[in-house]
Amino acid sequence: MARAMEMAVGLNKGHKVTKNAAKTRPVRRKGKLNKRVKFVRDVVREVVGFAPYEKRAMELLKVGKDKRALKFVKKRLGAHIRGKRKRDELSAHLQAMRKAQATTAH
């Protein structure tokens, strides 16, 4: 009678071994935002403002053309994921501006 543990075929084929838990490598931290980097980026954004293509994309978002804004920034940035991230960033900025205006108006 064959043992059920080690099969020659199927999804669970092969010799059973225990997984070796490897330590996470430092490269996994790459791109993680820390306080200092966020502060510097916020200061730079405050001083420099937005690029012309970002201003145009914000205008598209203001009039409700989200898909057109995505197509526009995607073409400028070169990737769909980057375009989505930029569109979300710009729409979040517009929301923050609207929220700030609402609090100052009252």
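Leaving aside neighbours within four places in sequence, which residues is Leu-70 in contact with? They are His-80, Gly-83, Lys-84 and Arg-87, where contact means heavy atoms within 4.5 Å. Welcome to this predicted model, in which local features need pLDDT of at least 70, side-chain atom pairs count only at pLDDT 80 or more, and totals for chains, interfaces and linings use all residues. Residues are numbered from 1 along each chain as its sequence is written, and side-chain values use heavy atoms, with hydrogens and water left out.

**Leu-70 and its helix**

- Leu-70 is found in helix H3, which covers residues 66-77; helices here are DSSP runs (H or I, at least four residues), numbered from the N terminus.
- With a relative accessible area of 12%, Leu-70 is buried (buried means under 20%, exposed over 50%, and partly exposed in between, with a 1.4 Å probe and protein chains only).
- The C-alpha atoms of Leu-70 and Glu-6 are separated by 51 Å, and the two residues are 64 residues apart along the chain.
- Lys-75 also lies in helix H3, but this residue is exposed, at 72% relative accessible area.

**Salt bridges around Glu-54**

- The whole structure holds six salt bridges, each one a side-chain nitrogen of Lys or Arg within 4 Å of a carboxyl oxygen of Asp or Glu.
- Lys-86 and Glu-54 form one of them, with their closest N and O atoms 2.6 Å apart.
- That pair links distant parts of the chain, as Lys-86 sits in helix H4 and Glu-54 in helix H2 (residues 52-62), 32 residues apart.
- Arg-45 meets Glu-54 in a salt bridge too, at 3.0 Å from N to O.
- Glu-54 is buried at 5% and Lys-86 is buried at 13%, while Arg-45 is partly exposed at 26%.
- A network of salt bridges links Arg-45, Glu-54, Lys-86 and Glu-89.
- Not counting residues up to four places away in sequence, Lys-86 touches several residues, among them Tyr-53, Val-73 and Leu-77.

- Lys-38 pairs with Asp-42 in a salt bridge, the closest N and O atoms being 3.1 Å apart.
- These two residues are separated by about one helical turn, because they are four residues apart in helix H1 (residues 35-48).
- Both ends are partly exposed: Lys-38 has a relative accessible area of 43%, and Asp-42 has 40%.
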